[in-house]
Amino acid sequence: MVAGVVTMFSTRLRKLPANIGAAIDSLETQVVKVQLNGELREVPEGLTLAALLEWLELPRDRVAVERNREIVPRTGWDVTPIQPGDRLEVVHLVGGGLE
């Protein structure tokens, strides 16, 4: 049997990755307020869920994202915009050892 663990990521603000930095710079660093893993945070305006994960430097292949109490499939991350007041939960899936 394989045991698994789900952990919450730290949601502290981070520097933007170079590949989305230019797009964000063009927005003159406007921000929106969201609840991210239970904490009020300001994130750059205009991000999609995929861009938010890049901004947070999270691996797309090992996280699950809930937006406003609904799981968002990975196929929707690129087209789902972050809106002011969104309640987001980002969890990291970690595999365990064999028992």
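Buried means under 20% relative accessible area, exposed means over 50%, and partly exposed lies in between (1.4 Å probe, protein chains only). This is a predicted model: local features need pLDDT of at least 70, side-chain atom pairs count only at pLDDT 80 or more, and totals for chains, interfaces and linings use all residues. Residues are numbered from 1 along each chain as its sequence is written, and side-chain values use heavy atoms, with hydrogens and water left out.

**View 1. The whole protein chain.** Of its 99 residues, 34% are buried. The chain has two helices and six strands, in the order β-α-β-β-α-β-β-β along the sequence. Helices (H or I, at least four residues) and strands (E, at least two) are DSSP runs, numbered from the N terminus. Contact means heavy atoms within 4.5 Å. Among contacts between residues at least 6 apart in sequence, 63% join residues at least 24 apart. The accessible surface is about 6300 Å², and carbon and sulfur atoms hold 53% of that. Areas come from the Shrake-Rupley method with a 1.4 Å probe; for residues, only the protein chains shown count as cover.

View 2. In soluble globular proteins, nonpolar side chains tend to be buried together.

**View 3. Around Trp77.** Which residues is Trp77 in contact with, leaving aside its neighbours within four places in sequence? They are Thr48, Leu49, Ala50, Leu53, Arg60, Val63, Val65 and Val72.

**View 4. Thr80 in its loop.** Thr80 sits in the loop between strand E5 (70–72) and E6. Is Thr80 buried or exposed? Thr80 counts as buried because its relative accessibility is 12%. Its side chain reaches the backbone oxygen of Gly76 at 2.6 Å. Leaving aside neighbours within four places in sequence, Thr80 is in contact with Leu47, Thr48, Leu49, Arg67 and Val72.

View 5. Two strands pair if DSSP finds at least two bridges between them. Glu66 has Ile71 in E5 as its bridge partner. Two residues lie between the strands, and Asn68 takes a positive phi near 50°.

**View 6. Salt bridges.** A salt bridge is a side-chain nitrogen of Lys or Arg within 4 Å of a carboxyl oxygen of Asp or Glu. The count comes to three.

- Glu39 and Arg41 meet at 2.3 Å, N to O. Glu39 is partly exposed at 38% relative accessibility, and Arg41 is partly exposed at 22%.
- Asp78 and Arg60 meet at 3.4 Å, N to O. Asp78 lies in the loop between E5 and E6 and Arg60 in the loop between H2 and E4, so the pair ties together parts 18 residues apart in sequence. Asp78 is partly exposed at 48%, and Arg60 is partly exposed at 32%.
- Asp86 and Arg67 meet at 2.9 Å, N to O. This pair links distant parts of the chain: Asp86 is in the loop between E5 and E6, Arg67 is in strand E4, and they are 19 residues apart. Asp86 is buried, with a relative accessible area of 4%. Arg67 is partly exposed, at 21%.

How values were computed:
A polar contact is a pair of N or O atoms within 3.5 Å; within protein, one must be able to donate a hydrogen and the other to accept it, and residues adjacent in sequence count only if both atoms are side-chain atoms.
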